[in-house]
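Welcome! Take a moment to turn the model around on your screen, and then let us walk through it together.

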Amino acid sequence: MLAKRLKQIAEMVSSPSIIDVGCDHALLDIYLTKKGITCTATDISSKVIEKAKANIAKENLTDKIKLICTPGLENVKININDTIVISGMGTSTILNILDIKIDNQLVISSNNDLYKLRKEIVAKGYYISDEKIVLEKKIYYVIIKFIKGHKKYTFKDLFLGPIAKKDKNYCQYIHNKYQNIYIQIKKGNLKNRLELLKILYI
């Protein structure tokens, strides 16, 4: 059974092929391959690649999914029709991986600093075409689809997400999170408190 987050990522793929960076156990790749999508799966860990290889073999898909042990997109041939999928990493790591010249569609789920993620990828000449919010095991995951092009965004758009901001439950969760941080910060730290007030009243 595919996790809700991975299933939502799969549903956001609209191209005939993907490169799954940080593939973990290749469950997403197995699922998409069965739906006729060509998958290249990469991971920096040789142990993870071996586990992925075993999972793929169990499904008789060894000849269908390409596995590459490599950091990010190094040593990976990228075709224009490939959607690049990156999930389960921090924003800084994701941005380092994407520090190359590409025009591919991106489906990304970062585990922190979504404001920085949106801001930096938009600055690379992308716009946000879709966002999905998944609540799984009491954790909110935001999955963002970026497509090459240009749109203007406000601070609120980049912080909450131009589409994600329409989800009241998610926005309330974010508000409560930063309100608690604001309360915990020492009163003397004026600069940080002012930054948090900017977030709390967007």
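This is a predicted model: local features need pLDDT of at least 70, side-chain atom pairs count only at pLDDT 80 or more; totals for chains, interfaces and linings use all residues.

A residue is called buried when its relative accessible area is under 20%, exposed when it is over 50%, and partly exposed in between, using a 1.4 Å probe and protein chains only. Residues are numbered from 1 along each chain as its sequence is written, and side-chain values use heavy atoms, with hydrogens and water left out.

Let us begin with the overall picture. The protein chain has 8 helices and 7 strands; these are DSSP runs numbered from the N terminus, with helices (H or I) of at least four residues and strands (E) of at least two. A contact here means heavy atoms within 4.5 Å. Among the contacts in the protein chain with a separation of 6 or more, 54% are between residues 24 or more positions apart.

Now look for Val107, which sits in strand β5, residues 106-110. Is Val107 buried or exposed? Val107 counts as buried because its relative accessibility is 2%. Leaving out residues up to four places away in sequence, Val107 touches Ile9, Met12, Thr83, Ile84, Val85, Ile86, Ile143, Ile144 and Lys145. One of these partners, Thr83, lies 24 residues from Val107 along the chain, yet their C-alpha atoms are separated by 7.1 Å.

Another of those partners, Ile9, leads us to helix α1, residues 4-11, where Arg5, Leu6, Gln8, Ile9 and Ala10 are buried. What covers the buried residues of α1? The cover includes helix α2 (27-34) along with strands β4 (82-89), β5, β6 (126-136) and β7 (139-148).

Next, visit Asp157 in helix α6, residues 155-160. Asp157 has a relative accessible area of 9%, so it is buried. Apart from neighbours within four places in sequence, Asp157 is in contact with Arg118, Lys152, Pro162 and Lys165. The side chains of Asp157 and Lys165 are joined by a polar contact of 2.6 Å. Such a contact is a pair of N or O atoms within 3.5 Å; within protein, one must be able to donate a hydrogen and the other to accept it, and residues adjacent in sequence count only if both atoms are side-chain atoms.

Finally, a look at cysteines. Cys39 is buried, with a relative accessible area of 1%, and Cys171 is buried at 19%. The structure holds 0 disulfides, a disulfide being a pair of cysteine sulfur atoms within 2.5 Å.
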